[in-house]
Amino acid sequence: MIELSLAEIATAVGGELRDGSDAQRRLPASSVQTDSRLNTPGSIFFALRGESTDGHLFAAKAVENGAALVIAERPLELEVPQIIVSNGVEALQGLARAVVAQVRNAGELKVVAVTGSNGKTTTKNMLRTILERAGETVAPQGSFNNDVGAPISMLGVTASTRYLVVEMGADGIGDIARLQSVVMPDVGIVLMVGLAHIGKFGDAATTARAKSEMVTSLPATATAVLNSDDGRVKAMAQQTQATVAFFGLDSSAEVWADDIQATAKGTAFDLHVEGSVIPVQLRILGEHHVTNALAAITAARALGIAPSESVAALESIDRAERWRMELLEAPGGITVINDAYNASPDSMAAALKTLVQIVGPHNRSVAVLGEIAELGDYANEEHDRIGRLIVRLNVQKLIVVGHAARHIHNAAGLEGSWDGESVLVDSIEEAYAVLRDELREGDVVLVKSSNSAGLRILGDRIAGVSA
């Protein structure tokens, strides 16, 4: 974060500076944390109340670790300055709003925001790789995309930052609009409207309404980057005054791709843009990542970066991120695709299709699947659909982990004449025992589930990778 005085911070967060602190004292550029374990000397600690804990209980630990300022909702017995606010989350957003505005007004900062049911983090990582070749770029590690995580990401900017890339997630109507009120993007990307988190939204139409907040408030000077392959996203072009740039898999888009080939070495495609065709060889597994790459190229193009430069950057990426279609070579000649950071029906189907695409004629495809969380009333139906898809794709071995994912196993058994090819186990330990006994040289194993199911650790264990 940039250097600010205590008085400037108090004004930004709408709080009261306590304990007679020198209001004009300036804090050096430092980090902002909501986890006391991450505080370092000179940093700021926001004591936020959560569903299961209260950050006020850890303020003393934050100070012990070096926090120079605590922003809290009630006075605490601490030996550092405090600013007391009525709402910690709103205060955090207020500080982010003030910091980004100051950096923007003083320099050349451009902001890119990404939303969509799937692909946000991968697209963000792709954009970081492209943009950091053109200037100092801030983009968070991981999926920092909610009311707390996104402002924390924004507060990473400095006076010399040229690009800020932010994920904007949504659990309901108004979430993206609220984040946009903190920082209005110069480029807003909508990737897709899918079934991720549909248990919270209720239906796809409500999901689309929530995601459309990315573009409805963009000014005419901004660019809305939209997926023309998704009808709900394409329709958002009618809801914005910003310039619209489409990406997709057919020639109706400004930036499009064809001749897609997915192999164990990555994903190749032909990029069509500005009347030229550029061959692209991604080292990332899965043809679904072509859409993410197109979105990143289109957004960078809106910022003045040539597609050829974007392609060169994208071809240098060796993986989307930890536990996202991560290719691991396990002992005994076994290949593991660990894609268990998160899951939706769409992303699980895409991962399964990639599995069968990269398996050679003498290899066996093995899927180890856990629950797709946050589907609400759609849970049984969507797990059932995945089970039937597995049979149609001719995945040769299926291990389903956990009672919540049982409909995958049940549907696979009903769809095909399987005899032991599908196994339902209760725990990760049981799944590991089955795999240890049954895996053989040449097997390609996909491990996929929502984060809450914990299968990412199983994928690492199969591959002999330490956490």
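Guide: Helices and strands here are DSSP runs numbered from the N terminus, where a helix is H or I over at least four residues and a strand is E over at least two. Two strands pair if DSSP finds at least two bridges between them. You're looking at a predicted model: local features need pLDDT of at least 70, side-chain atom pairs count only at pLDDT 80 or more, and totals for chains, interfaces and linings use all residues. Residues are numbered from 1 along each chain as its sequence is written, and side-chain values use heavy atoms, with hydrogens and water left out.

Visitor: Let's start with a hairpin. How many residues sit between strand 17 and strand 18?

Guide: The general idea is that strands of a sheet pair through backbone hydrogen bonds, either parallel or antiparallel. In this case, three residues separate strand 17 from strand 18 in the hairpin, and Gly332 in the turn has a positive phi of about 80 degrees. The two strands pair in the antiparallel sense over five bridges. To find your place, look for Leu327, whose bridge partner in strand 18 is Ile337.

Visitor: And how many residues of strand 18 are buried?

Guide: First the cut-offs: buried is under 20% relative accessible area, exposed is over 50%, and partly exposed is in between (1.4 Å probe, protein chains only). Strand 18 (residues 334-339) has six of its six residues buried. Both of its faces are covered, with Ile334, Val336 and Asn338 on one side and Thr335, Ile337 and Asp339 on the other. Strand 18 also pairs with strand 22, in the parallel sense over five bridges, and there Val336 stands opposite Val445.

Visitor: What about the sides of a helix? Which residues of helix 15 are buried?

Guide: An α-helix has 3.6 residues a turn, so residues three or four places apart point the same way. In helix 15 (residues 428-438), Ala431, Val434 and Leu435 are buried. They span an arc of only 95 degrees around the axis, which puts them on the same side of helix 15; that arc is taken from the directions from the helix axis to the C-beta atoms. On the other side of helix 15, Arg436 and Asp437 are exposed. The cover over the buried residues includes strand 19 (365-369), strand 20 (397-401), strand 21 (422-425) and helix 16 (455-463).

Visitor: Now charges. How many salt bridges does the count come to?

Guide: The rule is a side-chain nitrogen of Lys or Arg within 4 Å of a carboxyl oxygen of Asp or Glu. By that rule the count is 23 salt bridges. Arg392 and Glu415 make one, with the closest N and O atoms 3.6 Å apart. That pair links distant parts of the chain, 23 residues apart: Arg392 is in helix 13 (residues 379-392), Glu415 in helix 14. Another joins Glu438 and Lys397 at 3.0 Å, N to O. Glu438 lies in helix 15 and Lys397 in strand 20, so this pair ties together parts 41 residues apart in sequence.

Visitor: Are those two partners, Glu438 and Lys397, buried or partly exposed?

Guide: One of each: Glu438 is partly exposed, with a relative accessible area of 35%, while Lys397 counts as buried at 7% relative accessibility. Elsewhere, salt bridges that share partners join Glu3, Glu8 and Arg26 into one network.

Key
Contact = heavy atoms within 4.5 Å.
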